[in-house]
Amino acid sequence: MLTETLIVGGGLAGLSLAAHLEAKGQTYLVLDARKRFGGRIRSDEIDRERFDLGPAWFWPGQPRIAALIDQLGLEKFEQYATGDLTFEDERGNVQRGQGFASMQGSYRLKGGLGRLISSLQRRLPETNLKLASKVVALDARADHIMATTQNGENLKARRVVLALPPRLAAEQIAFSPPLSEAAVSAMSDIATWMAGQAKAVAVYDDPFWRNSGLSGDAMSRVGPMVEIHDASPEATGPYALFGFIGVRPDDRKDEKRLRSAVIAQLARLFGPRAAEPKALLIKDWAFDPLTATALDLQPQYAHPRYGLPEAMTDLWDNRLLFGGTEVASQFGGYLEGALEASENVLHKILQEAQVDA
């Protein structure tokens with residue numbers, strides 16, 4: 001059976017593209033290598049509340065994510081930012097009131113960003129979605145592309161959209177005929193957003209830091225977390241503190257040691273009550289083979305320059321397209337960028353349909 005569009009990657013970009021195609025009456029199939037949809041969006045549940053271990057925020061001035069949330073009937077709320085910031089200098093001295101809450105003015109989604117994925121997923125027919133289906137080969141033929149999965153399944157499509165990090169595609173998919181050296185080089189040069197990061201969420205029954213006049217925001221030059229924010233739900237508990245772990249991937253392989261260091265740091269910054277979370281969630285994306293490659297283990301000190309390089313266009317007579325957040329020119333690396341990229345791919349698909357008609 002031939003499908004019009006095979007979407008490789010069931011994160012926000014892939015599922016939003018699928019929703020667009022569903023609305024246009026186009027045939028499509030979404031494949032994801034994981035046993036869940038969402039890609040780098042992951043929300044874990046503690047006491048009926050969900051906490052984000054991937055992306056957590058979006059901002060005013062991002063129209064696509066705002067429109068999608070409204071369309072799906074979901075609700076946003078402003079990041080908690082009331083109170084003092086805590087700062088830990090390189091000698092371990094802890095100070096309060098140094099600066100402002102860096103995420104003030106940003107938004108979070110009620111119930112976690114995982115609700116965005118589950119809500120999109122419910123709008124799509126189950127027959128159009130396949131999990132645990134890692135694509136390992138793409139073979140361009142005269143009238144279709146044959147995709148082969150790790151399970152040995154062969155699927156035919158008129159076109160293929162790679163809605164996953166280009167570096168992953170370059171490393172994990174065999175292309176026949178081979179892509180040009182320029183295309184492969186361009187794919188490998190695009191840093192995968194968030195791939196080298198590790199994140200920690202400490203969950204508590206009450207927001208004791210708020211009661212002490214602290215916002216939950218903290219900056220540290222000691223670590224292991226370099227940046228911390230309040231990650232609590234809008235109105236009720238459990239409550240949480242969320243931290244970006246700043247030590248290099250090779251220095252955080254020992255998870256038991258890392259957990260002890262995270263707890264010790266929380267206690268230094270927020271007092272002894274912080275040393276006893278009811279749960280400590282840690283996700284190291286650098287060691288997730290469906291997110292990061294060896295190239296992604298190098299630290300990023302600034303937001304990469306994203307967009308779609310010319311070498312990655314017009315591949316296989318425009319039948320091989322890229323549609324993940326890293327190829328979005330305006331909001332690359334953000335949730336908004338995933339939606340921007342899927343919108344751009346949709347435009348190309350519809351243009352082609354008009355030409356064929």
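Biologist: Are Glu326 and Arg40 buried or exposed?
Modeller: In this predicted model, Glu326 is buried, and Arg40 is buried as well.

Biologist: With which residue does Glu326 form a salt bridge, and how far apart are the closest N and O atoms?
Modeller: The partner of Glu326 is Arg40, with the closest N and O atoms 2.7 Å apart.

Biologist: What about Lys278, which residue does it form a salt bridge with?
Modeller: Lys278 pairs with Asp47, and their closest N and O atoms are 2.3 Å apart. Lys278 lies in the loop between helix 7 (255-270) and strand 18 (279-284), and Asp47 in the loop between strand 3 and strand 4 (49-52), so this pair ties together parts that are 231 residues apart in sequence.

Biologist: How accessible are Lys278 and Asp47?
Modeller: Lys278 is partly exposed at a relative accessible area of 40%. Asp47 is also partly exposed, at 46% relative accessibility.

Biologist: Turning to Asp250, what is its salt-bridge partner?
Modeller: Asp250 forms a salt bridge with Lys253, the closest N and O atoms being 3.7 Å apart. Asp250 counts as exposed at 54% relative accessibility, and Lys253 is exposed with a relative accessible area of 56%.

Biologist: Which residues do salt bridges with shared partners join into one network?
Modeller: Glu4, Arg158, Arg159 and Glu352 are joined in that way.

Biologist: And how many salt bridges does the structure hold?
Modeller: The structure holds 25 salt bridges.

Key:
Residues numbered from 1 in each chain as written. Predicted model: local features only at pLDDT ≥ 70, side-chain atom pairs only at ≥ 80, totals over all residues. Heavy atoms only, no water. Salt bridge = Lys/Arg side-chain N within 4 Å of Asp/Glu carboxyl O. Buried < 20%, exposed > 50% of the residue type's maximum accessible area, 1.4 Å probe, protein only. Helix = DSSP H or I, 4+ residues; strand = E, 2+ residues; numbered from the N terminus.
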